[in-house]
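Subject: A structure for you to explore

Hi there,

Here is the structure I promised to pass on to you.

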Amino acid sequence: MRLPFALLFTLALLPAPALAQQPSVRWQAQCEAQLPPTVIEVNAEPAPVRHRNDRSIADLMQVQRLPQDNAFTLGLTELQLGTRIAFRSPTLSHPRERLVCMRPAITVTLSLDPHVVSVASEFEEGSCAHRHILAHEMRHVQVNQLTLSAAAERMREGMRQSFGNKIYYGEPKELQERLTRHIREQWLPWVDAQMKHTLQRHREIDTPEEYARNRTACGGEIARTLDAMR
């Protein structure tokens, strides 16, 4: 199992740049009255799992070597975090300045794409050994999917608290760039960290007992293949 993520956790909202001239009290009141409330959505999008059977045990061990002595990497689950950020925030233009006001309406979509499951090429697709190894890797896939769904829920609640119902002032392009940067630099690393925190759950799958079970599975089919490699 490989999780190529960095650990970082911060929730500070990026400050707005200083405006050359503060919006008038009257215009701020118009913004307060006319803008719809802030909308924040964070969704975990199901992504298809891609299956590979073109890498040998030696190839997989180049990617991840198991900590146990004399252990072989028979299967591997790899992923990357994919994100999309969509804005549909209505704005109100200042009558004389190149300014707008807005309450954000943002949808963040998280996905695990690519989410790739490999079974070593020594085990022919459709064989008992292949099915046994694949079933093990799919347990890792389930942990990843459940973790992403939980992270999306927590991110949604955290962003809603962070943004509140605040109004933002500035030029339209600058506002979208600033909010996009805030999400990418402050929130997405937090999701990465949540995925990294699942390592203990993956270790509970990759136990010495589980590896020992490989030697007796499928009438010794896996064991015979490994013994031939020694």
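Let's start with Cys 218, which is partly exposed, with a relative accessible area of 21%. (Buried means under 20% relative accessible area, exposed over 50%, and partly exposed in between, using a 1.4 Å probe and protein chains only.) Cys 218 sits in the loop between helix H6 (208–213) and helix H7 (221–227). Its phi is near 55°, a positive value in a residue other than glycine. Most residues other than glycine have a negative phi, and most peptide bonds are trans.

Some background before going further. This is a predicted model, where local features need pLDDT of at least 70 and side-chain atom pairs count only at pLDDT 80 or more, while totals for chains, interfaces and linings use all residues. Residues are numbered from 1 along each chain as its sequence is written, and side-chain values use heavy atoms, with hydrogens and water left out.

**The overall picture**

The protein has 7 helices and 7 strands. (Helices, H or I with at least four residues, and strands, E with at least two, are DSSP runs numbered from the N terminus.) Read from the N terminus, the order of elements is α-β-β-α-β-β-β-β-α-β-α-α-α-α. Of the 230 residues, 45% count as buried. Taking contacts with a separation of 6 or more, 82% are between residues 24 or more positions apart; contact means heavy atoms within 4.5 Å.

Why is strand E6 (residues 105–119) described as largely enclosed by the rest of the structure? Because 13 of its 15 residues are buried. Strands of a sheet pair through backbone hydrogen bonds, either parallel or antiparallel. Here, two strands pair if DSSP finds at least two bridges between them. These are the pairings of E6:

- Strand E1 (residues 39–44) pairs with E6 in the parallel sense over 6 bridges, and Ile 40 stands opposite Ile 106.
- Strand E2 (residues 49–52) runs parallel to E6, joined by 4 bridges, with Val 117 as the bridge partner of His 51.
- E3 runs antiparallel to E6, with 12 bridges joining them; Leu 81 has Leu 112 as its bridge partner.

Look out for Pro 114, which also belongs to E6: the peptide bond from Asp 113 to Pro 114 is cis, with omega near 5°.

Strand E3 (residues 75–87) holds Glu 78. Glu 78 counts as buried, at 10% relative accessibility. Its side chain makes a polar contact of 2.6 Å with the side chain of Arg 55. (A polar contact is a pair of N or O atoms within 3.5 Å; within protein, one must be able to donate a hydrogen and the other to accept it, and residues adjacent in sequence count only if both atoms are side-chain atoms.)

**An open sheet**

There is also an open sheet of 3 strands in the order E4-E5-E7, with antiparallel pairing. Strand E4 (91–93) and strand E7 (168–170) are the edge strands, each pairing on one side only. Strand E5 (residues 100–102) pairs with E7 over 3 bridges, and Cys 101 stands opposite Tyr 169.

**The nonpolar cores**

Which residues touch the most other members of the largest nonpolar core? They are Val 42, Val 108, Leu 110, Met 155, Met 159, Ile 183 and Val 191, out of 26 residues in that core. (A nonpolar core is a set of buried Ala, Val, Leu, Ile, Met, Phe, Trp, Tyr and Cys residues joined through side-chain atoms within 4.5 Å.) E1, E3, E5, E6, helix H3 (128–163) and H4 each supply at least two residues of this core, and the largest share, 8 residues, comes from H4. Apart from this core lies another, of 14 residues, including Ile 57, Met 61, Ile 222 and Leu 226.

**Helix H3**

The 36 residues of H3 should span 52 Å at 1.5 Å a residue, and its end C-alpha atoms are 52 Å apart, which agrees. (The expected span is 1.5 Å times one less than the number of residues.) Just after H3, Gly 164 takes a positive phi of about 55°.

Enjoy exploring!
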